[in-house]
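Hi there,

Here is the structure I promised to pass on to you. Have a look first, and then read on for what turned up in it.

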Amino acid sequence: MSQTVKDLTAGTAGGIAQVLVGQPFDIVKVRMQTSSKGTYSGMLDCAGGIVRNEGPLAFYKGTLTPLLGIGVCVSIQFGVLEYTKRYFTAQNARKGQDAAQSALLSSSQLLVGGALAGLGNGFVSGPVEHIRIRLQTQSNTNPVYRGPFDAIKKIGSKYGVRGIYKGQNVTFLREALGYGVYFWTYEKLVQREMAKKGILREQISPGSAILYGAAAGYALWGVIYPIDMIKSRMQTDGFSPSDGQKYRSTAFTRGLGPTLIRSPFANGATFLGFEMANRFLNSI
C-alpha cells in the first residue's frame with residue numbers, strides 16, 4: 001500500500017469520527033445561523049426545540065451526506081497535506097538540511113500546505129455541506145427533499161451544477177484560510193512536544209492528539225466563523241428572486257456557542273482517528 005493511499009485511508013477514518021461526534025452540534029449551529037432573529041433564545045432553546053418537535057434522532061438528520069462526503073473531504077485534506085509535507089521535506093533536504101531538520105517544516109510551508117488541503121477539500125465540501133444544510137433546515141412535517149440523493153436530483157435538474165455548488169466561492173475562501181491555520185496550529189503543537197520531550201511523532205500520546213486537535217479546531221473557527229455564517233445563509237437562500245432569493249444583514253456570531261462546544265470534540269476525534277489509523281497502517 002502506497003503512502004498516499006495510507007494517508008487517504010487514515011483521513012477517511014478521521015472524517016467518519018468527526019461526523020459521528022460533531023453532527024448533533026452541527027445541526028444546532030445551522031438552525032441558529034439560518035433562522036430569523038429571535039427564533040431561539042440560545043443554544044439550549046434550539047436544542048430543546050429540536051427534541052420536542054422532531055425527536056432526538058433529528059440531531060442526526062442529514063447524516064448520510066456528511067458521513068459519506070466528510071469522510072472523503074477529510075481524506076482529501078490529509079492526503080493533500082501529507083503530500084505537501086513530503087514535498088517541502090524533500091525541498092528542505094535539497095537545501096542541505098539533515099533528515100530531522102528537513103522534516104520540521106516552517107510556518108509558511110505549513111500554512112501553504114494547509115491552504116492547499118483546504119482548497120482540495122472545497123471541491124467536495126461545498127456541495128456536501130449545501131445538501132446537508134438544505135436537509136437540516138427543511139420542514140419536518142412537509143419536507144421538500146426525501147433525502148440527500150433526492151435533493152441532489154431535484155436541485156441539479158432545476159438549477160444545474162451551479163445550483164449544487166451554490167456558495168462555492170465563499171466555501172473556497174473559508175477552506176483556504178481556515179485549514180491553513182488549522183493544520184499550522186496542530187503541526188506546530190506536535191513539533192513543540194517532539195522537541196521538548198525528544199520523541200518521534202509516533203510516540204505522541206492519543207491524549208495529546210486529541211488536545212492538539214481541539215486547539216486546532218478553535219483556531220479554525222476563530223478565523224472562519226463569519227465566513228461560515230455567510231456561506232450558510234447563501235446555501236439556504238433561494239436560487240433566484242422568483243423562489244425567494246434575498247440578501248440581508250446578519251449577525252456574524254449567531255450559532256457560535258454550539259460551534260465552540262462542538263469544536264474540541266469533533267476536531268480532537270478527527271486527529272485521533274487519523275493518527276491512530278495512520279500508525280496502524282504504517283505498522284502492517
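Helices here are DSSP runs of H or I with at least four residues, and strands are E runs of at least two, numbered from the N terminus. This is a predicted model, so local features need pLDDT of at least 70 and side-chain atom pairs count only at pLDDT 80 or more, while totals for chains, interfaces and linings use all residues. Residues are numbered from 1 along each chain as its sequence is written, and side-chain values use heavy atoms, with hydrogens and water left out.

Let me start with one residue. Thr270 sits in helix H9 and is buried, because its relative accessible area is 0% (buried is under 20%, exposed over 50%, partly exposed in between, with a 1.4 Å probe and protein chains only). A polar atom of the Thr270 side chain lies 2.8 Å from the backbone oxygen of Ala266. Neighbours within four places in sequence aside, Thr270 is in contact (heavy atoms within 4.5 Å) with Gly14, Gln18, Val74, Phe78 and Tyr182.

On a 1 Å grid over the protein atoms alone, a cavity is a set of points where a 1.4 Å probe fits but cannot get out; a pocket is an open set with protein on both sides within 12 Å along at least five of seven lines; lining residues have an atom within 4 Å of a point. Points are joined across faces, edges and corners, and a volume is the space filled by probe spheres set on them.

The largest pocket holds about 630 Å³. Its lining has 23 residues, with Glu82, Lys85, Ala103, Arg201 and Glu202 closest to the centre. H9 gives the most to this lining, five residues.

There is one cavity of 30 Å³ or more, and the largest cavity has about 280 Å³ of space. Among the 24 residues lining the largest cavity, Gln18, Glu129, Arg174, Tyr179 and Trp221 lie nearest its centre. The top contributor to that lining is H8, with six residues. By class, the cavity lining has nine nonpolar, six polar and nine charged residues (Ala, Val, Leu, Ile, Met, Phe, Trp, Tyr, Cys and Pro count as nonpolar, Asp, Glu, Lys and Arg as charged, the others, Gly among them, as polar).

Best wishes

Technical notes
Polar contact = N/O pair within 3.5 Å; in protein donor to acceptor, adjacent residues only side chain to side chain.
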